[in-house]
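Here is a short briefing for a first look at this structure.

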Amino acid sequence: MYWEKDIETLGRDSLNKLIIDRFNHALERASKSLFYTKRLNEVAIKPGNIKNFKDISNIPFTTKQDLRDNFPYGLLTMPLDNVIRMHSSSGTTGNPTVIFHNQNDINQWSNLLARSLYMAGVRKSDIFQNIMGYGLFTGGLGFHYGAEKLGSLVIPIATGNSDRQLWFMKEFKTTVVHFLPSYALRLHMHFNDQNIKPEDLHLKIACIGAEPHTEETRKKIEELYKIMAYNSYGLSEMNGPGVAFECEYQNGMHLWEDNYYMEIINPDTGEVLPDGEEGELVLTTLMREAMPILRYRTRDLTRIISEPCKCGRTHRRIDRIKGRTDDMLIINGVNIFPMQIEKKLMSISEVGHNYLIEIRKDNFLDKISITVEISNEHFKPNENQSLHHKITELLKNEIGVNPIVNLVASGSLPEFQGKADRVKDLRLIN
Ligand code: ADP
Ligand code: ZN
């Protein structure tokens with residue numbers, strides 16, 4: 001039932017004590033880096049100063065900009081001799097964010113992924129097809145090491161070539177897959193081409209994550225593949241995947257509190273909010289040695305679920321990520337999150353696997369157009385009026401503005417390399 005029962009079910013008081021203790025150790029390690037020596041001196045905080053959670057709120061936040069400004073080695077706490085791995089986030093503008101690990105860091109990270117996979121029901125006997133980018137991106141290697149640690153047979157197939165992915169699934173009787181939710185939908189389109197039905201495969205479990213998606217998308221993936229799909233959350237700055245993961249009850253993701261200290265803040269004021277309130281997730285690495293990060297502003301919006309979970313794990317959960325603080329679209333003064341649109345679309349049975357949101361300026365007004373792929377069986381060129389009307393009305397009710405809806409055949413929209421990028425804000429260009 002548990003990978004590490006003692007720590008996963010540790011009583012709240014002991015867990016709190018452990019967090020405070022580890023936080024002080026994290027401070028001690030962090031103060032060995034140039035960046036934190038300066039930062040912590042400025043506010044006169046020393047290791048051992050943290051007696052309770054309130055004391056933590058006196059430590060300044062660390063932002064992505066801090067990591068960029070101190071690129072590449074400013075947050076490193078040890079000689080490069082002891083460092084064995086680096087990863088980075090994609091970073092399309094400016095310096096990428098680079099994270100370093102020593103051997104203990106890699107061991108800890110792998111263990112957290114083994115723990116997460118075990119929680120989702122993955123076992124030693126499973127065949128794990130890792131359909132994620134290997135390399136600098138943390139999704140591939142992170143899961144690879146975790147699944148190996150657990151003892152599953154790992155197929156390090158990485159991304160791309162959908163027909164080959166399906167061939168591997170069939171021939172090697174893959175039981176567990178790890179892929180992006182957007183790719184899960186796309187890969188399914190190849191089932192028809194190859195005349196494959198979910199029953200022909202041996203899949204039981206999918207780990208989906210690394211990008212925002214809705215409950216409706218999860219359900220769709222579960223139905224298309226006839227499997228259980230578990231949400232996986234992480235970010236490179238906190239190692240990558242293995243920060244928070246769903247248990248069998250699929251009701252929020254247990255965030256591994258023995259390794260990460262979590263807070264929810266008001267993104268505008270920085271004020272720490274009580275459990276249950278929605279805001280920006282702030283995380284501290286409690287165990288990382290080569291490059292500890294204190295109070296990192298993830299920009300991800302969620303809330304803490306502190307009610308006990310039926311699985312018996314005591315680590316609190318975070319709710320499905322609603323979006324990022326910088327994701328919110330303001331259309332003629334109305335606030336809209338792309339996930340609201342996805343939620344509606346994925347609950348409409350005729351909708352296929354992909355969609356695209358575009359915002360333009362037209363005569364000083366914002367116009368939002370939503371292009372929606374319709375599944376092959378429902379798409380009838382020039383005869384889609386009633387479907388078009390239905391989708392437009394449903395979207396309008398959800399987002400409060402009138403969208404321009406275009407219906408297109410399955411497979412018409414461009415495919416993504418890596419994470420889905422479905423919002424194009426063209427207001428500054430036009
Ligand atoms: P980037 O995407 O910036 O190159 P990362 O690979 O570190 O870098 O991505 C981490 C980000 O991906 C998170 O901060 C979050 O916004 C998003 N993300 C990761 N997992 C999930 C998830 N399960 N649900 C929603 N968003 C997620
Ligand atoms: Zn649980």
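α9 gives the most to the lining of the largest cavity, with 3 residues. This is a predicted model, where local features need pLDDT of at least 70, side-chain atom pairs count only at pLDDT 80 or more, and totals for chains, interfaces and linings use all residues; side-chain values use heavy atoms, without hydrogens and water. Residues are numbered from 1 along each chain as its sequence is written, while chains are lettered from A and ligands numbered from 1 in the order in which they are written.

**Cavities**

- A search of the whole structure finds 4 cavities of 30 Å³ or more.
- On a 1 Å grid over the protein atoms alone, a cavity is a set of points where a 1.4 Å probe fits but cannot get out, and lining residues have an atom within 4 Å of a point.
- Grid points are joined across faces, edges and corners, and a volume is the space filled by probe spheres set on the points.
- The largest cavity has a volume of about 90 Å³.
- Its lining includes S182, R186, M189, H353 and N354.
- α9 and β18 are the elements that give two or more residues to this lining.
- Helices (H or I, at least four residues) and strands (E, at least two) are DSSP runs, numbered from the N terminus.
- By class, the lining of the largest cavity has 3 nonpolar, 4 polar and 4 charged residues.
- Ala, Val, Leu, Ile, Met, Phe, Trp, Tyr, Cys and Pro count as nonpolar, Asp, Glu, Lys and Arg as charged, and the others, Gly among them, as polar.
- The largest cavity lies between domain 1 (1-325) and domain 2 (329-425), because both give residues to its lining.
- The domain bounds come from an automatic or database domain assignment.
- The second largest cavity has a volume of about 70 Å³, and D105, Q108 and N239 are among the residues that line it.

**Second largest pocket**

- A pocket is an open set of points with protein on both sides within 12 Å along at least five of seven lines.
- The second largest pocket has a volume of about 490 Å³.
- Its lining has 20 residues, of which H188, L224, H353, S375 and E377 lie nearest its centre.
- α9 (181-193) gives the most to this lining, with 4 residues.
- The lining divides into 5 nonpolar, 11 polar and 4 charged residues.
- Both domain 1 and domain 2 give residues to the lining, so this pocket lies between them.

**Zinc site**

- C247 (SG), H254 (NE2), C309 (SG) and C311 (SG) coordinate the zinc ion (ligand 2) at 2.1 to 2.3 Å.
- Donors are N, O and S atoms within 2.8 Å of the metal (3.2 Å for Na, K and Ca); water is not among the atoms, so sites may look incomplete.
- The 4 donor atoms subtend angles of 101 to 118°, which makes the arrangement tetrahedral (four donors, all angles between 85 and 135 degrees).
- Along the chain, the donors follow the spacing C-x6-H-x54-C-x1-C.
- C247 and H254 are both buried (under 20% relative accessible area, with a 1.4 Å probe and protein chains only).

**Backbone and loops**

- Most residues other than glycine have a negative phi, and most peptide bonds are trans.
- F71 and P72 are joined by a cis peptide bond, with omega about -5°.
- A44 has a positive phi, near 55°.
- A44 is exposed, at 54% relative accessibility (exposed means over 50%).
- K226 also has a positive phi, near 55°, and sits in the loop between α10 and β7 (228-235).

Technical notes: Tetrahedral: all angles 85-135°; square planar, octahedral: opposite > 155°, others 65-115°.
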